[in-house]
Amino acid sequence: MTTAATRRSERRISPVFLGIAAIMAVTGWAVWTDFAAQPGVAVFLFVTSAWIVSLCLHEYAHARTALHSGDLTIGAKGYLTLNPLKYTHALLSIVLPVIFVIMGGIGLPGGAVFIERHRIRGRWKHSLISAAGPLTNVAFAVVCTAPFWLGALDGVPLAFRFALAFLALLQVTAAILNFLPVPGLDGYGVIEPWLSHTVRRQVEPFAPFGLLAVFGVLFIPEVNHAFFDGIFAVMDALGVSRGEYACGQDLYRFWTEQYPVCTAAISR
């Protein structure tokens, strides 16, 4: 029988997550106060650690919702500790999303808490479990952009403002990509319980390749333009200009000099 002490240990926040959150806090402070000699390095560490924190919260949301929906094995798997090393596919959930941010500035959907779906009853619960992750990205984007759409940017240092804008862009792209109704992504998980058994069996073999297919389609110029037009429209609605998140990406990729005007702006 599971003891109360065991249950508490299964839900105790991991030192690994606390360490990542500490890096986010310290580097965020360094960006805000202009403490760092090279603001780009501080922005890189701040955005990367904050992005990993959001990925952990994304997976935690899936796990916590599954726990309350009937899968009581979630705790024993370590998913409630926010430890990224406990995920079934740490490579897909953490490493690849970080690499994609560094290479292209796009929020790659991660994925992988193993949920014992047979323990859960009710289609709405299955849909909610799948939706919980990307909804966390939505909430993160709202928090990051709050100073922009609230008009509360007075006193916010430019470097921190640009970093928040870029971090919000990552959250928006991750949420939109995750909500696509493509096998292997959370969006498909939302609608899957409502599909017929025949359709689900036909689609199941394609699930491992869904994300690859999405990125393959995004290489089509017309699709790519339409996708990013949608991203830009959302960011505009949230009060964040293209120049702000472009400068954020420029500072993040401190080893390049794509937009020197951004670096010059925060040096004034």
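Helix H3 runs through residues 39-69, and its 31 residues should span 45 Å at 1.5 Å a residue. The model is predicted.

**Helix H3**
- H3 is mostly covered, with 24 of its 31 residues buried.
- Cys56 is buried, at a relative accessible area of 0%.

- The volume of the second largest pocket is about 220 Å³.
- Ten residues line this pocket.
- Nearest its centre lie Phe100, Ile106, Phe215, Leu218 and Phe219.
- Three helices each supply at least two residues of the lining: H4 (90-104), H9 (210-218) and H10 (221-237).
- The lining divides into eight nonpolar residues, two polar residues and no charged ones.

**Cysteines**
- The model has zero disulfides, counting pairs of cysteine sulfur atoms within 2.5 Å.
- Cys144 has 5% relative accessibility, so it counts as buried, the cut-off being under 20%.
- Cys56, at 0%, is buried by that cut-off too.

Conventions. Residues numbered from 1 in each chain as written. Predicted model: local features only at pLDDT ≥ 70, side-chain atom pairs only at ≥ 80, totals over all residues. Heavy atoms only, no water. Helix = DSSP H or I, 4+ residues; strand = E, 2+ residues; numbered from the N terminus. Expected span 1.5 Å × (residues − 1). Buried < 20%, exposed > 50% of the residue type's maximum accessible area, 1.4 Å probe, protein only. 1 Å grid on protein atoms, 1.4 Å probe; cavity = no way out; pocket = protein on both sides within 12 Å on 5 of 7 lines; lining within 4 Å. Points joined across faces, edges and corners; volume = space filled by probe spheres on them. Nonpolar A, V, L, I, M, F, W, Y, C, P; charged D, E, K, R; others polar.
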